[in-house]
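Hello,

Here is the structure we discussed, for your files. My notes follow below it.

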Amino acid sequence: MQKSLHLDPNKCTGCLQCEMACAWENHRSFTIAKSRIKVFTFHEPGRFVPYTCTQCDEAWCMMACPTDAIRLDPVTGAKVVLEPSCVGCKVCTIACPFGTINYVSDTGKVQKCDLCVGASGPACEKACPTGAITYVDADWTGLDKMRQWAGKTDTNPATV
Amino acid sequence: MRHLIVGSGPAGVVAAETLRKADPAAEITILCGEGEAPYSRMAIPYLLKGDIPEAGTHLRKEPGHYDRLRIVLVKAQAQSVDTAARTVALSSGSSLPYDRLLIATGSRPSLEKIPGIDLPGVHACWTLADARAILEKAKPGARVVQMGAGFVGCIIMEGLLSRGVDLTILVRSGYMVRRMMNPTASGLLRSWCEAKGVKILTHTQPKGLTSVDGVLQVDLGEGRILPADFYLSAVGVDPNLGFLAGSGIEIRQGIVVDPNQQSSVPGVYAAGDVAESVDCLTGQRGVNAIQPNAVEQGRIAALNMAGRPAAFKGSLVFNVLTTLGLVSSSFGLWEGVPGGESTEVVDPSHWRYLNLQFDGERLVGANSVGFTNHVGALRGLIEGRVKLGVWKARLMQDPTQVMQAYLGAAQKLG
Ligand SMILES: Cc1cc2nc3c(=O)[nH]c(=O)nc-3n(C[C@H](O)[C@H](O)[C@H](O)COP(=O)(O)OP(=O)(O)OC[C@H]3O[C@@H](n4cnc5c(N)ncnc54)[C@H](O)[C@@H]3O)c2cc1C
Ligand code: SF4
């Protein structure tokens, strides 16, 4: 079953447990700057928005990669960076219209959410104390995914 | 259905893979004109740096990938196309029939037209064969004169310097990466390179090259001569179109294609560096010679070749560039539009710069230096033509809030 993360800003308190869990899972460090999931703070409405890769079907990053360094995990549908093949060209980081694949200068490679491939479910979801992050069947987030690439449809209120 | 693809770069390979998914029974053949396994030119800088072996440049790494997808790779060059008979004549003397043809022959270096450009010791940096020749000659202390500081010229510097060469860059205009960076961004790049020991001569163009005892003499005019152990030409590229003479396929700057990537001749498609399509922001026709464009056009062409209508949304001009470790990027109409507005932050001491260009309520272009986090959101906002609403004023005040603006305006999350 293809699964994905469902992120609910209305439940997020901005505690950053998810960022810590992600940094620890992937870097064995609590440096939240290294987290693949980010909680964005919106000062005016006083709102916290957790955001990370939606494992979109278009897979802009995977398509653009010149070295086959991003692969599809057939079990979860996650797009996974294979570090040994990544040359750090960063073309994926500009190809992704969501801004969710990013360059890590320490490693000279890119990183993105891979739903904690190989582990028993995403670390951020386990760490979230409020249920703002849930790990659900992919179909569930279909509506969100449709909203994601806002510029694709002419009917979207955000666009012309 | 017989699908023939001329060219084994990213456009050709992605097209073949897409065709296999869309048309499981089809015959799919790719012509590999350089006689190499399908590889990515973009990976060449990292081969020069020694980060990867040659196999690291291969577009697909899984052994048996093409066999498994029943994609036949033929090492041969297309010499001519007969669109009436639907055949392609090969360099080997034989010819191949097709029902649908995709031209994905990419581009080649447009060498400067000066005397001596054909001398031994003059190289481009475009193919694996070029890279091998450069690796052979780029020994510590070797004097290298490079003409051109466009994005390819900048990306390859790190590989060259890592080999200990003595590098001089000649730039015809006053600016490096003039076609993707504004003067401020370009100026930062220049001081960065100079701080790393690269000599950069702007407003300089060689008059000609001669060879004296195996050492190239680069004539800069007015009696100035630069000796060079090798000369690198990086002044831009032209589409590979020569073999289409007499085919009846309409060519302007590149092969003219419609939104389905079909050329003026039904059944013949084009994608990537060789195709001329429409810019998603300006609506103007042109060649957009970048990797993401090549793969997207390859995918769209293939769907149409397989009988599944799909339209290309128009190409976005954008690029990311690492120059001796300094990352910069360029998106869309970075020069701005008449009557538009712009905002920027400059922090030269930390080599950071971000400039945003607006047309009314929309972001239409950007230049950045030293910003890498969430830069993709710039594409999302620009290509998505997202109405910024309240985020326009916020970005004008603090351009670094790009990701927040994306979440707020495009995703309605903020
Ligand atoms: C050093 C370097 C760095 C680059 N860095 C970047 C970057 O950072 N970002 C970016 O977006 N782009 C970059 N590019 C550009 C990018 O590589 C091209 O845009 C991309 O390769 C275009 O893909 P394509 O499939 O259209 O053409 P190509 O990759 O050029 O492939 C064309 C293929 O067609 C073959 N061919 C040509 N003529 C014939 C013929 N008559 N018969 C048979 N086969 C033929 C060629 O041999 C080749 O295999 C870089 C290029 C170079 C050289
Ligand atoms: S940075 Fe790495 S993963 Fe991203 S496109 Fe380049 S090689 Fe592929």
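In this predicted model, chain B has an open sheet of 5 strands, in the order 22-23-26-25-24. The pairing is antiparallel. Strand 22 (318–323) and strand 24 (341–347) of chain B stand at the edges. Each has a single partner strand, so one side of each lacks a neighbour in the sheet. From one strand to the next, the twist averages 10°.

Inside the sheet, strand 23 (residues 326–332) and strand 26 (residues 362–369) of chain B are joined by 5 bridges. In that pair, B:Ser328 stands opposite B:Val369. Helix 9 (residues 390–397) of chain B packs on the sheet and touches strand 24 and strand 25 (352–359). Its direction makes about 35° with that of strand 24.

Now the domains. The assignment for chain B gives domain 1 (2–108 + 238–305), domain 2 (122–233) and domain 3 (325–413). The C-alpha centres of domain 1 and domain 2 of chain B lie 30 Å apart. Each of these two domains puts 16 residues into the contact.

About 1400 Å² is buried between domain 1 and domain 2 of chain B, with 66% of it from carbon and sulfur atoms. B:Ile44, B:Leu48 and B:Lys49 supply 40% of the area that domain 1 buries there, more than any other three residues.

Polar links cross this interface too: 3 salt bridges and 6 residue pairs in polar contact. Helix 2 (44–48) and strand 8 (107–109) of chain B each supply at least two residues of the domain 1 side. Helix 2 gives the most, with 4 residues. Separately, B:Glu54 and B:Arg132 meet in a side-chain salt bridge (2.6 Å, N to O).

Best wishes

Conventions:
Residues are numbered from 1 along each chain as its sequence is written. Chains are lettered from A and ligands numbered from 1 in the order in which they are written. This is a predicted model: local features need pLDDT of at least 70, side-chain atom pairs count only at pLDDT 80 or more; totals for chains, interfaces and linings use all residues. Side-chain values use heavy atoms; hydrogens and water are left out. Two strands pair if DSSP finds at least two bridges between them. Axes are lines fitted to C-alpha atoms, for helices over the stretch in contact, and angles run from 0 to 180 degrees between N-to-C directions. Contact means heavy atoms within 4.5 Å. Domain bounds come from an automatic or database domain assignment. Buried area is the accessible area (1.4 Å probe) that two parts lose on being put together, summed over both. A salt bridge is a side-chain nitrogen of Lys or Arg within 4 Å of a carboxyl oxygen of Asp or Glu. A polar contact is a pair of N or O atoms within 3.5 Å; within protein, one must be able to donate a hydrogen and the other to accept it, and residues adjacent in sequence count only if both atoms are side-chain atoms.
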